[in-house]
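Please read them with the sequence and coordinates open.

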Amino acid sequence: MTDWHVTIVVDPTRCDGHGICHELFPERVSIDRWGYPVVAEGDIPPALFDHARHAVNECPRLALHLLERSR
Amino acid sequence: MTRTATRRGERDASRSVPGPPGAPRLLLGLESAARPIALSEHLATWGPLHVNGRRDLCDQVEASGLVGHGGAWFPVATKWRAVAGRGRRPVVVANGAEGEPASAKDALLLSRAPHLVLDGAAAAAVATGAKRAVVYTGAHSAATVQTALDERRWAGIDPVAIEVAIAPDAFLAGQESAVVGVLNGRGDPAPSFSAVQSIRDRGVGGRPTLVQNVETLAHVGLIARFGAAWFRSVGGADCPGTMLLTVTGRWPEPSVVEAPLGSPLRDAIHLTPADAAHYQGALLGGYGGTWVTMDTLLGLSLSESAARRAHATLGAGVVALLPRHVCPVAEVARVVAYMRTQGAGQCGPCVHGLAALAGQLGALAHGAPLRGRPRQVEEILEVCALVEGRGACRHPDGVARFVRSACSVFAADLSAHLRGVPCTPSPVAGTLPLPAHGGRRRASAPGARR
């Protein structure tokens with residue numbers, strides 16, 4: 001069975017620090033002192049996939065991406 | 001009788017590999033003339049180079065163990081194979097931008113031994129199937145390179161068209177994806193996010209692009225003549241050949257030296273323990289590099305693996321010695337203020353993080369005693385952690401490495417500044433080399449240029 005590993009990636013050249021990702025996905029995204037996202041290391045558990053997708057889709061700069069890979 | 005036999009034996013041993021023995025190699029013959037080596041002199045020293053139709057070049061370079069001398073230490077043959085055979089003819093860029101203010105080796109090669117670099121560029125082009133090569137260099141060397149190219153055109157020796165392009169005077173000008181951006185018509189150099197794979201696929205003019213440092217190409221020019229065994233006849237088994245080092249902080253400066261890899265670093269830069277007592281530390285690799293104590297420096301062997309074991313990097317070969325009479329806190333603050341202006345201004349962690357570091361270090365160096373903020377050094381390290389690994393490129397990581405290592409090597413000085421103890425003797429700033437213009441101020445809003 002394929003085991004999927006999903007992480008969230010920020011393109012820092014697009015991000016303007018709106019902070020919406022933190023509001024929608026606080027479980028994995030915190031913000032630094034300047035308002036830019038800090039993504040927790042490690043794979044996102046499947047129970048949080050919906051939150052992750054929501055954060056990715058709502059980013060006004062389209063700066064977030066889900067990175068999926070199988071191991 | 002015995003002596004003659006020994007001498008003959010030595011001579012035979014040196015004759016077993018063709019080409020001039022020992023070191024220097026790249027700097028051979030440069031001491032005598034303070035001007036560019038003309039093509040005729042170059043050919044008299046090194047002999048002709050035939051690269052056309054040479055299918056063995058990539059294998060020779062691979063067998064030589066040559067790695068990149070621009071700072072990344074990446075195997076050259078691996079890079080060549082990544083751009084060759086992609087279906088489109090690649091472009092070769094000889095990278096002489098040398099945005100690092102403390103480095104002077106690339107400018108020395110281009111202004112004094114341009115033909116060695118051009119030989120390497122031609123060889124790299126043949127090996128990768130490129131029909132076009134570009135020498136990307138600061139304005140200071142462009143005329144010399146153009147004159148050398150004119151000589152070669154008259155002699156009809158280059159199998160590919162080689163042209164000159166001017167690199168902007170900026171720290172990031174030599175970063176691979178920034179090089180491609182500038183050559184594709186982008187004004188300010190700005191690295192791309194995760195771009196390494198893409199320039200090997202789509203770079204200058206949309207073609208697969210090989211960006212190779214000019215010192216690396218100068219080594220290629222000699223490997224193409226004398227072969228891998230000759231290249232490996234100097235240096236260590238796992239770090240063959242020689243490298244150029246730029247030494248600053250002592251007269252005459254900057255001085256560029258060439259030394260066999262694997263030799264003691266102190267011998268390479270002619271530093272005795274007695275000399276070392278005049279310095280309070282050394283910066284290895286450049287302004288994205290690492291401060292080390294003089295004891296560490298004296299014990300290092302000249303190889304990237306040895307430097308990494310000491311949590312440092314040789315980078316592009318900068319050894320900046322910091323004399324005892326200079327305030328290290330003021331020097332570090334000065335460089336960080338410069339590095340802040342040299343970011344591409346394209347991501348938040350870099351723009352805000354480097355501004356914060358420059359402010360904190362400036363206050364420590366020149367401000368009133370920070371009695372109310374005993375945690376100032378810890379706060380500086382916290383900002384380092386906030387920028388590391390979060391930038392669009394490695395610029396903020398380099399600054400963080402520079403600052404962290406300074407906090408460790410100069411801990412006593414930082415603590416004295418925190419307590420308001422005046423520097424003894426009076427602080428002298430301006431030892432670490434910076435461009436005369438002090439760095440252009442860049443648009444600071446992330447996303448201002450996209």
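1. Domain bounds, as used here, come from an automatic or database domain assignment. The model itself is predicted. For chain B the assignment gives three entries: domain 1 covers 15-232, domain 2 covers 242-323 and domain 3 covers 328-419.

2. Domain 1 of chain B and domain 3 of chain B have C-alpha centres 35 Å apart. They do touch: seven residues from domain 1 of chain B and seven residues from domain 3 of chain B take part in the contact. On the side that belongs to domain 1 of chain B, six of the residues are nonpolar, one is polar and none is charged.

3. Chain B also holds an open sheet of five strands, in the order β6-β5-β9-β7-β8, and the pairing is mixed. From one strand to the next, the twist averages 30 degrees.

4. Which strands stand at the edges of this sheet? They are β6 (255-260) and β8 (290-292) of chain B; each has a single partner strand, so one side of each is left without a neighbour in the sheet.

5. The pairing of β6(B) can be followed at residue level. Its link to strand β5 of chain B, residues 242-248, consists of six bridges, and the two strands run antiparallel. One pair to check in the viewer is B:V247 with its bridge partner B:S255 in β6(B).

6. A helix packs on the sheet: α18 of chain B, residues 395-409, touches β7 (279-284) and β8 of chain B. The direction of helix α18 of chain B makes about 20 degrees with that of β8(B).

7. Chain A has two helices and four strands. Read from the N terminus, its elements run β-α-β-β-α-β.

8. The C-alpha trace of chain A spans about 40 × 20 × 20 Å along its principal axes.

9. Buried residues account for 27% of the 71 residues in chain A. Of the contacts in chain A between residues at least 6 apart in sequence, 62% join residues at least 24 apart.

Note on methods
Residues are numbered from 1 along each chain as its sequence is written. Chains are lettered from A and ligands numbered from 1 in the order in which they are written. This is a predicted model: local features need pLDDT of at least 70, side-chain atom pairs count only at pLDDT 80 or more; totals for chains, interfaces and linings use all residues. Two residues are in contact if their C-beta atoms, placed from the backbone, lie within 7 Å. Ala, Val, Leu, Ile, Met, Phe, Trp, Tyr, Cys and Pro count as nonpolar, Asp, Glu, Lys and Arg as charged, and the others, Gly among them, as polar. Two strands pair if DSSP finds at least two bridges between them. Axes are lines fitted to C-alpha atoms, for helices over the stretch in contact, and angles run from 0 to 180 degrees between N-to-C directions. A residue is buried if 20 or more other C-beta atoms lie within 10 Å of its own, exposed if 12 or fewer, and partly exposed in between; C-beta atoms are placed from the backbone.
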